[in-house]
Amino acid sequence: MPNIHSSGPPDLSPAHSVPLLPDGRVLLDASQIDRMIRRMAHEILEKNQGVKDLYLIGILKGGGVLAERLVRIVRSIESVDVPFGTVDITLYRDDLSSKSSPPFLKESALPEPVDRKRIVLVDDVLFTGRSVRSALDLLMDLGRPSRVQLAVLIDRGHRELPIRADFVGKNIPTGQDETVQVVLDPGRECVVVTRKD
Amino acid sequence: MDALRTPHLLTVSDLTPGEMEGIFRTADSFLDLSSRTVKKVPSLRGKTVVNLFYEPSTRTRTSFEIAAKRLSADVINITTSQSSVVKGESLLDTVRTIEALGADGVVIRHPASGVPEWISRRVGCHVINAGDGLHEHPTQALLDLFTIQKRKGRLKGLRVAIVGDILHSRVARSNIRAMSLMGISVRLVGPPTLIPKDRGDWNAEVFHDLREGISDCDVVMALRLQLERATANYIPSLKEYAKFYGISPSVLQSARPDVLVLHPGPINRGIEIQDEEGFREHSGILDQVHFGVGIRMAVLYLLMAGGNKGEGNA
């Protein structure tokens, strides 16, 4: 993994990515995903008029790898390293007390304070909007960003909160009973929709 | 496996090595909290933690209190000298009353071994052992191992000498179990009177000579001489104990050059630990206090942030 920040880049080892290649309806392949991420990177730069104060933060697990890819593309376009970090939103989830046991935490890594930054929150799939709500609350506890935007690879609908993305790779209409899995491991990239049993 | 299976933390034996690593990883995430604008997370909002301490304690009780508050729990401290216990209320009545008041978790310290376990079978809330008699002090062992891991970068393959009053030490008992579980080789160093004769399944070498015992060790853990437990009767004199078993800069020459010195506190200065300034860079004693809050946050969060125990946490 490229070392983007000397003050400790997020560890995006395979443990943080999707463990298995799912079987189901393959909607997007590697080259389609790559083009989508490139377009999103350009859109982020266009909307923010460059890289000034830009700070990409991936929501673990899915958003970490995507944020890293976006940062890499931004670097190839602008020849500048944009800071990027990852956050584990488990502690801010609204469904913790309805689960039987809370999970061990994943390590967040934020190389810089969020104050006065233009934050782009990054996640792989936007669904109910509850993860994004958790991430927003976490961000506000961390400091006072000047602006927060949201970038997602897949928007699958079914929002339960008034949240919308600023940058979307692709809108994919889904049923409530389906799951969308985004695999960004090099060589096996795909977006797969499976029906829950 | 990505969560704890046990609803209570009563002994180190409740945990697998994987669960211990999970606790360390979780504790690590909590350490960042003290550098944030808002030093709280909402995970235990609306839950109540009761600290029930039948023995004096400053750091363990305060550490649990800070940990619970940073998780947004409400905390009630009961020190038995100011409670109905002095009116003769039984232990079980006290705990049942606390539970009826709506506690979700009880952190208990008691002079009798096995009390937390006994209570856990009789109440519906989560029970955390904060030290019971001569039995165990699991969160202390967890924070000791976490400190070692943070300072040394690993646990497996290290050599640790535990020095002093092993016989009366629940800290030692929890640590010996936890260290064996994590692949650390353990030495016990102390006068013959303070090392238990029956060491059961402990996989530990025994030394009576301090310099020999700590030679080539990565970590030296000095234990507190528990003067309130009449430990003085087991040694000829405090002065003699300090001479033969006190950790000082010159004694540490026998250990590895990068040796880490730990002490669970409170320290009898001049007895177990002498001239700490002289080995300041080797001391992990304040780290232990700092990391202890992270460990206790992790334990409280992992046990209590989920649904009620009755809903399948067990």
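Let me start with helix H5 (residues 138-152) and helix H6 (residues 170-181) of chain B, whose axes come within 8 Å and cross at roughly 55 degrees. Axes here are lines fitted to C-alpha atoms, for helices over the stretch in contact, and angles run from 0 to 180 degrees between N-to-C directions. Helices (H or I, at least four residues) and strands (E, at least two) are DSSP runs, numbered from the N terminus.

This is a predicted model, in which local features need pLDDT of at least 70 and side-chain atom pairs count only at pLDDT 80 or more, while totals for chains, interfaces and linings use all residues. Residues are numbered from 1 along each chain as its sequence is written, and chains are lettered from A and ligands numbered from 1 in the order in which they are written.

Back to the helices. Which residues of H5(B) meet H6(B)? They are B:Pro138, B:Gln140, B:Ala141, B:Leu142, B:Asp144 and B:Leu145, and on the H6(B) side B:Val171, B:Ser174, B:Asn175, B:Ala178 and B:Met179. Contact means that C-beta atoms, placed from the backbone, lie within 7 Å. By class there are 7 nonpolar, 3 polar and 1 charged. Ala, Val, Leu, Ile, Met, Phe, Trp, Tyr, Cys and Pro count as nonpolar, Asp, Glu, Lys and Arg as charged, and the others, Gly among them, as polar.

Now the domains. Chain B is divided into domain 1 (12-137 + 291-311) and domain 2 (139-289), with bounds from an automatic or database domain assignment. Their C-alpha centres lie 26 Å apart. At the contact, 21 residues of domain 1 of chain B touch 22 residues of domain 2 of chain B. On the domain 1 side, the elements giving two or more residues are helix H1 (17-31), S4 and helix H9 (285-304) of chain B.

H1(B) and H9(B) also touch each other. Their axes come within 8 Å and cross at roughly 115 degrees, and this crossing is right-handed. Among the residues in this contact are B:Phe30 of H1(B) and B:Phe291 of H9(B). The contact has 11 nonpolar, 2 polar and no charged residues.

Next, the sheets of chain B. One open sheet has 4 strands in the order S2-S1-S3-S4, with parallel pairing. Strand S2 (74-79) and strand S4 (126-132) stand at the edges with a single partner strand each, so one side of each is left without a neighbour in the sheet. Two strands pair if DSSP finds at least two bridges between them. Strand S3 (residues 105-110) and S4(B) pair over 5 bridges, and B:Ile108 stands opposite B:Asn129 in S4(B).

Another open sheet has 5 strands, in the order S7-S6-S5-S8-S9, again parallel. Its edge strands are S7 (204-207) and S9 (260-262). Strand S5 (residues 159-163) and strand S8 (residues 219-222) of chain B pair over 4 bridges; B:Ile162 has B:Met221 as its bridge partner in S8(B).

Last, the two chains. How many residues does each chain give to the contact? Chain A gives 18 and chain B gives 22. The chain A side divides into 8 nonpolar, 6 polar and 4 charged.

Technical notes: Two residues are in contact if their C-beta atoms, placed from the backbone, lie within 7 Å. A crossing is left-handed if the near helix is turned anticlockwise from the far one by less than a right angle, and right-handed if clockwise.
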